[in-house]
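Hi,

Here is the structure I promised to send over.

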Amino acid sequence: MLKLAPLAVLLALAAPGLAAQERAAPAAAAARIAFVSTERILRDSAPAVRAQKKLEAEFEKRRLELARAQDQLKRAQEELEKNALTMSDAQRRAKEQDFAALNREFQRKEREFREDANQRRNEELGQVIEQANRVIRQIAEQEKYDIIFQEMPAYVSQRIDITDKVMKALEGKPPAK
C-alpha cells in the first residue's frame with residue numbers, strides 16, 4: 001500500500017496538467033497556418049519585375065561600355081597573336097604590356113560593375129521584401145492566421161499557399177478570399 005501511494009499522488013498531480021493539454025489540443029488543431037514563397041515574390045511579383053526593369057535601365061549604359069571594352073580586348077589579343085611572329089621582341093613586349101594593362105582595366109571595371117549592380121539589386125529587392133512583409137502581416141491580421149511561413153519547407157499544400165494572394169495585393173488588387 002505504501003508503494004502505491006506515491007504513484008497515486010503523482011497521477012493525481014499530473015491529472016490537471018493532462019486535462020489542460022487535452023483542452024488545448026482542439027485549439028492547436030484549429031490554428032490557421034499559411035505559406036508564402038518569397039522566391040516567387042522576388043521573381044514574379046509586379047514590384048520585383050518593376051525593380052528588375054529599373055535596374056536594367058540604370059545599368060544598361062555601363063553594360064554596353066563593358067561589352068565594347070571586352071570586344072576591344074578580344075581584338076587586341078587577336079592582333080597580338082596574329083602579329084607576334086612578325087614583331088621584334090621589343091614591339092611584342094610593348095604590345096603584351098598594353099594588352100595586360102587593358103585586361104587589368106577591363107577586369108577592374110567588370111568587378112566594379114558587378115559590385116554596384118549587386119548592391120543596387122539588394123537595395124531594390126530589400127524594398128520589395130519590406131513591402132511584401134507588410135502585405136503578409138496585413139493578410140495575416142485580416143484573415144486571422146496564426147502563423148505564416150516564408151522559408152521553403154520540403155512540402156507545401158496548395159491549400160495553405162497564399163503567395164498568389166500576396167502577389168495580387170502587391171499589384172494593388174484586392175486579394176481574393
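Starting with a single side chain: Glu112 has 34% relative accessibility, so it falls in the partly exposed class. Its salt-bridge partner is Arg108, at 2.8 Å from N to O, and Arg108 is also partly exposed, at 30%. Both residues sit in helix H4, 4 residues apart, or about one turn of the helix. Before you read too much into any of this, keep in mind that the model is predicted.

Now the overall layout. The chain has 5 helices and 2 strands, and from the N terminus they come in the order α-β-α-α-α-β-α. Of its 177 residues, 24% are buried. If you take contacts between residues at least 6 apart in sequence, 80% of them join residues at least 24 apart.

Back to the charges. The salt bridges number 17. One of them pairs Asp116 with Arg62, again at 2.8 Å from N to O. Asp116 belongs to helix H4 and Arg62 to helix H3, so this bridge ties together parts 54 residues apart in sequence. Asp116 is partly exposed at 30% relative accessibility, and Arg62 is partly exposed at 29%.

What about Glu143 and Lys165, whose side chains meet in a salt bridge at 2.9 Å, N to O: are they buried or exposed? Glu143 has 13% relative accessibility and counts as buried; Lys165, at 15%, is buried too.

On the nonpolar side, the largest core holds 18 residues, and Val36, Ile41, Tyr145, Ile148, Ile162 and Val166 have the most contacts inside it. Helices H3 (46–83), H4 (89–142) and H5 (163–170) each give two or more residues to this core, with H4 providing the largest share, 7 residues. Apart from that core lies another one, of 10 residues, including Leu66, Leu80, Phe113 and Ala117.

Leaving aside neighbours within four places in sequence, Ile148 is in contact with Ala34, Phe35, Val36, Ile136, Ala140 and Ile162.

Cheers

Technical notes
Residues numbered from 1 in each chain as written. Predicted model: local features only at pLDDT ≥ 70, side-chain atom pairs only at ≥ 80, totals over all residues. Heavy atoms only, no water. Core = buried A, V, L, I, M, F, W, Y, C linked by side-chain atoms within 4.5 Å. Buried < 20%, exposed > 50% of the residue type's maximum accessible area, 1.4 Å probe, protein only. Contact = heavy atoms within 4.5 Å. Salt bridge = Lys/Arg side-chain N within 4 Å of Asp/Glu carboxyl O.
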